[in-house]
Amino acid sequence: MITLLTGMLATAVLAGGVLALAALGEVLAERVGVTNLGVEGLMALGAVSAVITVFSFHSPWVGLLVAIMVGAVGGMVFAFGAVVMRANQVLCGLATTFMGLGLSTALGHNYAGQPVDATFGHVTIPLLSAIPVIGPAFFAQNILIVPIYVLLPALVHFVMFRTRHGLNMRAVGENPAAADAAGIPVMAMRFWYVTLGGAMAGMAGGYLTLTYVPVWSEGMVAGRGWIALALVIFAGYRPIIVTLSALLFGLVTALSFVGQAHNWPIDPAFLNMLPYLGTMAFIIVPVVVWHRMRRVMAAPAALAQPYYRDVR
Amino acid sequence: MATRAFQRLPTAPAGRILMLRLVAIILSLFIIACVLALSGHSPLMLAELIIHSTLGSRFGLEDLALFMCPLLLTGAAVTVCGTIGLWNIGAEGQFYAGAIAATGVALGVHGSALTVLPLMTIAGIVGGMAWITVPTLARAYAGVNEIITTLLLNFIASLLTYYLTTGPWRDRISGAQVSTQRISVSIPEMWGIVHWGFPVAIVIVIGLALVLSRTRWGYEIRIGGANPEAARYAGIPVRLRIISVMLLSGGLAGLAGMFEVAGTVHRLQGGMANNFGYLGIVVAVLARGSCLNVIPAALLMALILDSGIVMQTQQLSASVILAITGLILFMIAIGDELAHYRPLARTTPQGTAAGSKVS
């Protein structure tokens with residue numbers, strides 16, 4: 001039982017890490033008032049560029065760095081349309097997803113199915129890894145888990161809720177006109193946080209192919225970007241809750257793995273549906289059960305609204 | 001202080017939008033040509049080949065019509081949903097649901113085409129509607145974002161199709177992979193391989209345009225989309241209208257799936273939706289909320305898909321088409337926004353300049 005639990009949590013931590021990164025990046029973008037529906041495409045680009053890089057440089061660090069940069073460039077392209085040109089954010093996001101998915105498949109064509117030879121290996125943190133159940137999952141897998149689950153969310157939380165910069169940032173998402181009047185550079189703020197969010201989506205993709213599923217295949221991101229978007233809504237745009245819910249979500253994914261490994265009498269296709277069904281339940285059930293949830297977990301007031309200084 | 005040279009208009013003039021869209025498409029094609037040239041293909045030769053094999057040959061034109069048929073319906077599905085201000089990103093899933101339901105009827109009911117085809121049609125529509133039911137109710141009663149719920153169901157529909165075509169419904173006769181056996185009935189063909197679903201789809205789109213522009217229901221939908229608060233104040237049951245529009249949208253996408261099963265593919269196949277659902281979004285965007293515009297928009301999209309076949313013969317992956325579509329969509333989104341801006345005449349800014357001097 002304990003071994004089953006340990007194994008499940010270990011898978012959950014890996015699967016959830018991918019979602020946590022992408023969702024945390026999206027929290028940044030949405031807090032400044034921009035919905036980036038391109039996460040799925042940026043993750044695919046990050047995943048494929050990490051694989052391609054590793055084939056020539058044989059270092060997962062270089063792979064991850066390239067994935068981050070590719071994600072950032074993709075985020076900038078999206079931000080150019082959605083923030084600088086102030087075009088419809090839904091359309092720019094979908095277009096980014098299409099471009100990302102299409103380009104990644106075309107680029108990865110020659111690399112599909114080949115196992116990645118340099119991935120992030122096991123790193124065991126002494127003492128902490130000896131804690132039963134939690135230890136092996138969090139402190140004995142790869143080196144990125146602690147940054148993903150602890151350092152990054154804590155940093156984002158601190159900056160967003162404990163600094164003046166974070167206050168400015170949230171002001172841009174709630175009321176850009178007021179923020180602008182107070183001298184906050186609305187456009188720059190939106191552009192750079194969307195870019196940062198894109199970089200994190202690219203990193204999530206790279207993390208996916210460098211740890212969890214070390215092989216590129218078409219469609220391997222399989223809706224993780226969309227699940228990350230749903231998690232952001234579920235977590236009410238809060239960095240720590242979003243990370244925790246990504247872990248919870250990793251558990252749902254792990255459940256389908258355990259089911260397949262233990263030959264549960266359910267077809268794998270149905271087990272594979274679990275993450276999507278789970279996400280649906282995640283964003284529908286809480287709002288139905290507890291109506292005040294909608295106000296407590298409300299989206300930034302100016303979400304998805306382009307800001308025009310000159311409209312009077 | 002620099003004076004503003006442009007003014008943003010609340011609604012963009014149609015002529016300016018058309019012009020900027022042309023610019024957007026030409027710019028996209030230019031970028032694509034540059035990328036192709038850099039990767040060692042000759043864009044001019046490719047363009048000639050594409051035009052020749054899509055518009056210049058009978059097979060090309062037949063394929064064009066076959067691509068247009070599902071795009072008309074999925075485009076219309078996204079368009080009607082957009083009329084009330086909602087995004088149905090799940091046409092892909094509803095397409096599969098319609099295809100699954102129709103195939104179920106075709107495999108289960110034995111009879112003449114005259115009895116089976118209508119049953120399949122109903123099953124396709126109901127299947128699509130059933131697939132959008134949960135997002136619809138969640139949107140109407142709990143305000144849950146329909147973009148994500150409709151989209152997530154696409155993955156579930158695709159997995160369900162995979163399960164059926166490799167499990168209970170797998171082809172036991174010819175042993176084709178991820179496919180059911182060929183169904184016994186099919187929509188009759190009217191011109192080469194083009195089946196009657198194509199003209200029916202066009203009639204449906206025109207009918208929808210009339211319903212939306214000429215009936216009270218259509219009027220209420222449009223008001224609900226333009227200004228939900230005003231609509232509620234005027235006593236329009238917005239919630240009920242949302243439910244009816246979303247179900248209609250799902251039904252249209254489901255019908256597209258049924259047409260594809262019964263007219264083109266003749267079986268249920270994994271991956272048969274061929275991104276038609278997602279491309280329906282592009283068609284709807286191109287159509288700018290007007291059902292009649294769905295026809296030329298679907299034609300353009302079908303042309304792009306048709307040229308994808310040519311590109312595949314030139315060692316270019318089919319996924320390039322998705323990237324190209326994305327680029328065009330991106331450019332058009334920007335173009336549509338730029339169409340809102342009108343350059344101000346030289347004389348107007350003087351007033352503002354004088355005003356700023358005073359303050």
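## A walk through loops, helices and cores

W264(A) sits in the loop that links helix 11 (239-261) and helix 12 (268-289) of chain A. Helices here are DSSP runs of H or I with at least four residues, strands are runs of E with at least two, and both are numbered from the N terminus. This is a predicted model, where local features need pLDDT of at least 70 and side-chain atom pairs count only at pLDDT 80 or more, while totals for chains, interfaces and linings use all residues. Residues are numbered from 1 along each chain as its sequence is written, chains are lettered from A and ligands numbered from 1 in the order in which they are written, and side-chain values use heavy atoms, with hydrogens and water left out.

Back to W264(A): is W264(A) buried or exposed, or something in between? With a relative accessibility of 36%, W264(A) counts as partly exposed. (Buried means under 20% relative accessible area, exposed means over 50%, and partly exposed is in between, using a 1.4 Å probe and protein chains only.) W264(A) touches L255(A), V258(A), G259(A) and L271(A), leaving out residues up to four places away in sequence. A contact here means heavy atoms within 4.5 Å. From W264(A) to A179(A) it's 85 residues in sequence and 55 Å in space, C-alpha to C-alpha.

Two loop residues of chain B come next. M272(B) lies between helix 10 (238-265) and helix 11 (276-287) of chain B, and at 6% relative accessibility M272(B) counts as buried. The contacts of M272(B), not counting residues up to four places away in sequence, are F95(B), Y96(B), A99(B), E260(B), V261(B), V265(B) and R267(B). One of these, A99(B), is 173 residues from M272(B) along the chain, yet their C-alpha atoms are 9.2 Å apart. H340(B) is in the loop between helix 13 (319-338) and strand 4 (341-343) of chain B. H340(B) is buried too, with a relative accessible area of 14%, and touches Q7(B), R8(B), L9(B), P10(B), T11(B) and A12(B), again not counting residues up to four places away in sequence.

Axes are lines fitted to C-alpha atoms, for helices over the stretch in contact, and angles run from 0 to 180 degrees between N-to-C directions.

| Helix pair | Angle | Axis distance |
|---|---|---|
| Helix 2 (residues 39-57) of chain A and helix 10 (residues 224-234) of chain A | about 135° | 7 Å |
| Helix 10 of chain A and helix 6 (residues 146-166) of chain B | roughly 145° | within 10 Å |

The contact of helix 10 of chain A with helix 6 of chain B involves W226(A), I227(A), L229(A), A230(A) and I233(A) on one side and I148(B), L151(B), L152(B) and F155(B) on the other. By class, that makes 9 nonpolar, no polar and no charged residues. Ala, Val, Leu, Ile, Met, Phe, Trp, Tyr, Cys and Pro count as nonpolar, Asp, Glu, Lys and Arg as charged, and the others, Gly among them, as polar.

Finally, the interior. A nonpolar core is a set of buried Ala, Val, Leu, Ile, Met, Phe, Trp, Tyr and Cys residues joined through side-chain atoms within 4.5 Å. The largest one has 201 residues, and F138(A), L231(A), L71(B) and M120(B) touch the most other members. Its largest share, 15 residues, comes from helix 1 (residues 2-31) of chain A. A second, separate core has 13 residues, including I132(B) and I221(B).
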